[in-house]
Amino acid sequence: MSTAMTSWAALLFLPFAVPIALWAVWSDLSRMKIPNKAVMALTIVYAVVGLFAFELDEYLWRWVHLVVVLVIGFVMNMLRMMGAGDAKFAAAMAPFVALPDAFLFLTLLAVMTVAGFILHRIARSTDAVRAATPNWESWQRRDYPMGLSLGATLITYLLLAALTGA
């Protein structure tokens, strides 16, 4: 399975996007919040690295992805379907995804959400894991830390594109 994103672009983004995605995952697991600084950092990575990764017209059009996902995310937040941090982080991720890869990306997100939910529930019921992370907010809350799935999806998509992209 290949992606519309080029291997070159994915390789440019990976060293910057992966630490930010992991920061969002860690923060959402431990505090049930994705910091605005993580959202801004990911947006800045696209703003700067994207100039080198894409032709100007594609670079500019991908900013529309951010706006569309942000509007959808805010509506979902107002309907209490997702947290505001999740909506903002998803919007910051959106320009990284090639439009022809939208179905692939959403499929990855669905898989990561199911897998993440199951693994999170197993981890929070495991004494050794809870002992190692005793104050994590996500162990106490009914809500699922969607940053886990969002971060894992972005990393997986970029790795897949790096390995199989055009």
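Colleague: In which loop does Arg-80 lie, and is Arg-80 buried or exposed?

Modeller: In this predicted model, Arg-80 lies in the loop between helix H3 (56-78) and helix H4 (84-93). Its phi is near 60 degrees, a positive value in a residue other than glycine. Most residues other than glycine have a negative phi. Residues over 50% relative accessible area count as exposed, and Arg-80, at 78% relative accessibility, is therefore exposed.

Colleague: How are H1 and H2 oriented to each other, roughly parallel or roughly antiparallel?

Modeller: The axes of helix H1 (residues 7-31) and helix H2 (residues 36-53) come within 10 Å and cross at roughly 170 degrees. Angles over 145 degrees count as roughly antiparallel. The two helices, H1 and H2, are therefore roughly antiparallel.

Colleague: Which residues meet where H1 contacts H2, and how many of the contact residues are nonpolar?

Modeller: The H1 side includes Trp-8, Leu-12, Phe-13, Phe-16 and Trp-23. On the H2 side, the partners include Lys-37, Leu-42, Val-45, Tyr-46 and Gly-50. By class, the contact has one charged residue, one polar residue and, as the number asked for, 16 nonpolar residues.

Colleague: Is Thr-43 buried or exposed, and which residues does Thr-43 touch?

Modeller: Thr-43 is placed in helix H2. Its relative accessibility is 16%, so Thr-43 counts as buried. Leaving aside residues up to four places away in sequence, Thr-43 touches Trp-63, Leu-66 and Ala-92.

Colleague: How much space lies in the largest pocket, and which residues are the closest to its centre?

Modeller: The largest pocket holds about 980 Å³ of space. It is lined by 36 residues, of which the closest to the centre are Met-82, Asp-86, Ala-90, Met-146 and Leu-150.

Colleague: Which element gives the largest share of the lining of the largest pocket, and how do the lining residues divide by class?

Modeller: The elements that give two or more residues to this lining are H3, H4 and helix H5 (102-124). The largest share, seven residues, comes from H3. By class, the lining of the largest pocket divides into seven charged, five polar and 24 nonpolar residues.

Terms used:
Residues are numbered from 1 along each chain as its sequence is written. This is a predicted model: local features need pLDDT of at least 70, side-chain atom pairs count only at pLDDT 80 or more; totals for chains, interfaces and linings use all residues. Side-chain values use heavy atoms; hydrogens and water are left out. Axes are lines fitted to C-alpha atoms, for helices over the stretch in contact, and angles run from 0 to 180 degrees between N-to-C directions. Helices (H or I, at least four residues) and strands (E, at least two) are DSSP runs, numbered from the N terminus. Angles under 35 degrees count as roughly parallel, over 145 as roughly antiparallel, 65 to 115 as roughly perpendicular and the rest as oblique. Contact means heavy atoms within 4.5 Å. Ala, Val, Leu, Ile, Met, Phe, Trp, Tyr, Cys and Pro count as nonpolar, Asp, Glu, Lys and Arg as charged, and the others, Gly among them, as polar. Buried means under 20% relative accessible area, exposed over 50%, partly exposed in between (1.4 Å probe, protein chains only). On a 1 Å grid over the protein atoms alone, a cavity is a set of points where a 1.4 Å probe fits but cannot get out, and a pocket is an open set with protein on both sides within 12 Å along at least five of seven lines; lining residues have an atom within 4 Å of a point. Grid points are joined across faces, edges and corners, and a volume is the space filled by probe spheres set on the points.
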